Amino acid sequence: MNLFRLFSRPRSAPAARERLQVLLAHERAAAGGDADLLGKLRDEILRAISKHMQIDDDKVSVRMERGAQVSTLAVDIEVPFDAGKKAA
Amino acid sequence: MGKVIVVTSGKGGVGKTTSSAALGAALAQGGDKVVVVDFDVGLRNLDLVMGAERRVVYDLVNVIQGEAKLTQALIRDKRVETLYLLPASQTRDKDNLTAEGVAAVIGALKANFDWVICDSPAGIERGATLAMRHADIAIVVTNPEVSSVRDSDRIIGLLDSKTLKAENGERMEKHLLLTRYDPLRAERGDMLKVDDVLEILSIPLLGIIPESMDVLRASNIGSPVTLADQGSAPALAYFDAIRRLKGEQIPVTVPGEKRGFFGKFFGRKAA
């Protein structure tokens with residue numbers, strides 16, 4: 001039922017786009033580039049937060065959307081239920 | 001002096017050879033003198049795609065080793081008078097491609113043709129860097145798919161560092177050719193959109209080749225798609241691409257876009 005699937009299935013292209021943006025930001029930096037803004041941000045944010053609570057490396061996503069006039073930076077951090085206790 | 005174009009990609013199987021043949025034929029169909037050079041030593045395929053597999057006597061490696069003259073190795077296309085092919089070697093060791101040898105061959109071809117199109121092997125090894133080394137223009141062939149986009153990014157990095165132009169401090173002219181694009185799937189959100197790929201790779205768009213049966217059909221019969229079926233959607237897209245390559249400013253549209261029932265109401269143009 002094609003029509004039904006159109007509404008029910010999550011779209012995969014946005015995920016592809018997001019994964020590529022993060023990955024390429026890392027790889028461009030590793031290749032000697034200067035544009036590893038996202039990678040650096042991610043590392044520093046991770047470091048700052050892990051001072052105060054235990055978080056999972058994989059659960060932090062930093063995303064930059066570049067627009068013509070405005071760029072937005074979205075930081076998404078999943079904090080585990082018992083994170084505060086461990087660090088404190 | 002002709003212009004040297006490298007058709008490159010990083011990832012294999014994205015349509016470098018198909019595109020080299022189609023772009024070469026399209027340029028030649030317009031009257032330009034074109035040679036398409038297969039750099040994929042060991043795994044040649046351009047001869048097959050162009051329908052000249054049974055006419056190969058000498059190849060690129062023979063010329064570089066001095067065993068044949070360039071004129072002996074060049075194969076003239078039977079359909080288009082101004083289209084030539086320089087095949088790659090099938091059996092020889094890749095290391096026979098020397099930097100000096102390639103430089104000499106490209107130099108000689110440049111002097112005699114309007115366009116020298118180098119079909120690069122996949123990867124980032126010696127063969128690929130030799131194919132791009134002397135290029136004036138690079139066409140980066142990419143599928144709307146994560147692994148292809150990633151490898152294209154890598155290749156763009158190489159184009160900006162490992163080519164003669166880069167070493168001389170000049171900027172390499174780079175273009176994106178997006179192949180196997182399916183507007184319906186992109187619209188549905190299950191394929192990277194043109195804009196997504198352009199934003200990620202940030203090089204100008206030369207053309208969008210739609211996913212089409214005509215491409216496979218053309219390679220089955222050993223004919224560049226621009227010759228096999230001139231009116232087909234991929235052929236029209238390649239013809240548009242060469243007009244842009246020659247400097248014409250024409251808007252990029254998705255050729256042969258088929259819209260479903262919902263697409264008609266909710267769809268948006270992909271380019």
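**Exercise 1.** Which residue does the side chain of B:R180 meet in a salt bridge?

*Solution.* The structure is a predicted model, in which local features need pLDDT of at least 70, side-chain atom pairs count only at pLDDT 80 or more, and totals for chains, interfaces and linings use all residues. Residues are numbered from 1 along each chain as its sequence is written, chains are lettered from A in the order in which they are written, and side-chain values use heavy atoms, without hydrogens and water.

Step 1. A salt bridge requires a side-chain nitrogen of Lys or Arg within 4 Å of a carboxyl oxygen of Asp or Glu. The structure holds 11 of them over all chains.

Step 2. The partner of B:R180 is B:E211, at 2.8 Å from N to O.

Step 3. B:R180 belongs to strand 7 (residues 173–181) of chain B, whereas B:E211 sits in the loop between strand 8 (205–210) and helix 11 (213–220) of chain B, so the pair ties together parts that are 31 residues apart in sequence. Helices (H or I, at least four residues) and strands (E, at least two) are DSSP runs, numbered from the N terminus.

**Exercise 2.** Describe the interface of chain A and chain B.

*Solution.* Step 1. With contact taken as heavy atoms within 4.5 Å, 18 residues of chain A touch 15 residues of chain B.

Step 2. The two chains bury about 1600 Å² between them, 55% of it on carbon and sulfur atoms; this is the accessible area (1.4 Å probe) lost on being put together, summed over both.

Step 3. The rule finds 2 salt bridges across the interface. A:R17 forms a salt bridge with B:D196, with the closest N and O atoms 2.6 Å apart.

Step 4. On the side of chain A that touches chain B, helix 1 (2–8) and helix 2 (13–30) of chain A are the elements that give two or more residues. Helix 2 of chain A gives the most, with 10 residues.

**Exercise 3.** Locate the aromatic pair and state its geometry.

*Solution.* Step 1. Rings of Phe, Tyr and Trp (its six-membered ring) pair if their centres lie within 6.5 Å; planes under 30 degrees apart count as stacked, over 60 as edge-to-face and the rest as tilted. The structure holds 1 such pair over all chains.

Step 2. B:Y84 and B:F113 form an edge-to-face pair, 5.3 Å centre to centre with 70 degrees between the planes.

Step 3. B:Y84 lies in strand 4 (residues 83–86) of chain B and B:F113 in the loop between helix 5 (99–112) and strand 5 (115–119) of chain B, 29 residues apart.
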